[in-house]
Amino acid sequence: MGKFPKGFLWGGATAANQCEGAWQADGKGLATVDVTPFGPDRFPVATGYMEMLDCDDAHFYPSHEAIDLYHHYKEDIALFAEMGFKCFRLSIAWTRILPNGDDAQPNEAGLAFYDSIFDECHKYGIEPLVTICHFDTPIALIKKYGGWKDRRMVDAYVHYCEVLFDRFKGKVKYWLTFNEINMLLHLSFTGAGLVFYPGENVEQVKYQAAHHELVASAKAVKLAHEKMPDAMVGCMLAAGQFYPRTCAPEDVRAAQEADRDNYFFTDVQVRGAYPVWAKKRMERAGVQLCTQPEDDRTLREGTVDFVSFSYYSSRCITVDKELMAAENAEGNAVSASVKNPYLKASEWGWAIDPVGLRVTLNTIYDRYEKPMFIVENGLGAVDTVEPDGSIHDSYRIDYLRAHIKEMEKAVNEDGLPLMGYTTWGPIDLVSASTGEMKKRYGFIYVDKDNAGNGTLARSRKDSFYWYKKVIASDGEDL
Ligand code: BGP
């Protein structure tokens, strides 16, 4: 007697670039992450990306080895199976399949690698959930086109999808078109391989790129349905409700507008058209979207089957400029926000808000009335290995337990349709925002440090045994 619907997909989620390593193995080409260094200049936000693309050896690039899942996948999937995973969310590295992003012939070694991964999953009855593009635009396409600002990226992506669908139909039923598509507006290089040239209207470039990704996503959904009638294709949003810092109507309005940064993309992916406010927003920013006559129809015909999202925290917004300036002084936040005085935060300053997960689930359902899937949730924390090798990560268990409780209420008290729950980084991996190893999310510890040292040995943390119990009892035994 579990607390979740039959077939609920419990599991964990990863991204190729944060765990596979083997950055040049078996014909793989370069992607954005391979030239994203460790340290403060990880996310260049001004112009001048181009010189980064030469992959200067003076830097340390965490994704080059990562946790070497490329050579450890059997061991790692066996550990997921031991926890009782029903689902493993992973991404396919575009440049393992098409090293230049748009090669006519795919790289057989890359395809074979994912074949083995899927076979290994099915051996244990684990359903793969595949993100087609997770923060790894091919460098060759950036050099050629400047990333997603160029319309030709749509064809390259659709060609890539065609290769994947033809090869993996029958092995993969659940697909996501772009990871955290809304991050394009904030982490433009990571999200969409965007390179800005001096004098360009940054907003114009971002929204144009967004349009191309939306068209590409819609085409992928349609193609997936044509090639795999059983397929379920979802969008993927970095979610987390924006709260007004006070009940001043101006703060409430500011929060509504901030939330729209999230829903800009999903509104199109779920409803099949731009909402009116989005058009006005672009107009105000001086954006003139360059479109093709068939785009409206493409967007309409390519709506997703479900809405998936990551949830780590909620955010607070205010119109109080001084407060905003004071709290965002370091300028390293993904999107500007202020502290919520009612919430504690992680060591990396991310507010911990389990109730916010229930709020977010309800907001998304009210807006779309589609099945939902929580495909990322978790606590990034520093773990201590005891002399006997054990790792007592009660803080991680507390975080996840509190979130699962709220998710359960959303399902049983609010009646929301939830397909599954995959925690972020079930095995420690490289952090996307910082490049660190010490920001760990895993149930499985990996012996590797920020400088890349370590044996890569895997070991079970306390949370490993806890999550196994949660899955076995279908959420009953928390
Ligand atoms: C999401 C990304 C993931 C992941 C996660 C945790 O934004 O989809 O790739 O890394 O955040 O973030 P971080 O690794 O920065 O702690």
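**Figure 1. Trp 175 and the residues it touches.** Not counting residues up to four places away in sequence, Trp 175 touches Val 130, Ile 132, Ala 224, Ala 231 and Val 233; here, two residues are in contact if their C-beta atoms, placed from the backbone, lie within 7 Å. Please keep in mind that this is a predicted model, in which local features need pLDDT of at least 70, side-chain atom pairs count only at pLDDT 80 or more, and totals for chains, interfaces and linings use all residues. Residues are numbered from 1 along each chain as its sequence is written. Trp 175 sits in strand E4 (residues 174-178); helices (H or I, at least four residues) and strands (E, at least two) are DSSP runs, numbered from the N terminus. Trp 175 counts as buried because it has 25 C-beta neighbours inside 10 Å. For that label, a residue is buried if 20 or more other C-beta atoms lie within 10 Å of its own, exposed if 12 or fewer, and partly exposed in between, with C-beta atoms placed from the backbone.

**Figure 2. The nonpolar cores.** The largest nonpolar core has 133 residues. Such a core is a set of buried Ala, Val, Leu, Ile, Met, Phe, Trp, Tyr and Cys residues joined through C-beta atoms within 7 Å. The residues with the most contacts inside the largest core are Ile 92, Val 130, Ile 132, Tyr 160, Leu 237, Val 307 and Phe 309. Helix H8 (residues 202-227) gives the most to this core, with 11 residues. For a close look at Val 307, leave aside its neighbours within four places in sequence: Val 307 is then in contact with Gly 234, Cys 235, Leu 237, Thr 266, Val 270, Ile 364, Tyr 368, Lys 370 and Met 372.

**Figure 3. Tyr 114 in helix H4.** Helix H4 spans residues 108-123 and holds Tyr 114. With 23 other C-beta atoms within 10 Å, Tyr 114 is buried. Its contacts, not counting residues up to four places away in sequence, are Ile 92 and Phe 168. Between the C-alpha atoms of Tyr 114 and Arg 167 the separation is 9.9 Å, and these residues are 53 apart along the chain.

**Figure 4. Glu 376 and the UniProt annotation.** An unreviewed UniProt entry carries the annotation "active site" on Glu 376; UniProt positions are given in the numbering used here, feature names are shortened, and annotations may be inferred rather than shown by experiment. In the model, Glu 376 belongs to strand E9 (residues 372-376). Glu 376 counts as buried because 25 C-beta neighbours lie inside 10 Å. Once neighbours within four places in sequence are left aside, Glu 376 is in contact with Ala 13, Ser 310 and Trp 424.

**Figure 5. The shell around the ligand.** There are 14 residues around the ligand, and Ala 15, Gly 380, Ser 431, Ala 432 and Ser 433 come nearest. A residue is near a molecule or strand if its C-beta atom, placed from the backbone, lies within 6 Å of it. The shell divides into four nonpolar, seven polar and three charged residues. In this scheme Ala, Val, Leu, Ile, Met, Phe, Trp, Tyr, Cys and Pro count as nonpolar, Asp, Glu, Lys and Arg as charged, and the others, Gly among them, as polar.

**Figure 6. Two residues with positive phi.** Most residues other than glycine have a negative phi. Phe 135, not a glycine, has a positive phi of about 55°. Phe 135 is placed in the loop between strand E3 (127-133) and helix H5 (139-145), and is buried, with 26 other C-beta atoms within 10 Å. Asp 474 also has a positive phi, near 50°, and is found in the segment after helix H15 (462-472). Asp 474 counts as partly exposed because it has 17 C-beta neighbours inside 10 Å.

**Figure 7. Tyr 197 in a loop.** Tyr 197 is placed in the loop between helix H7 (188-192) and H8. With 12 other C-beta atoms within 10 Å, Tyr 197 is exposed. The C-alpha atoms of Tyr 197 and Tyr 145 are separated by 12 Å, the residues being 52 apart along the chain.
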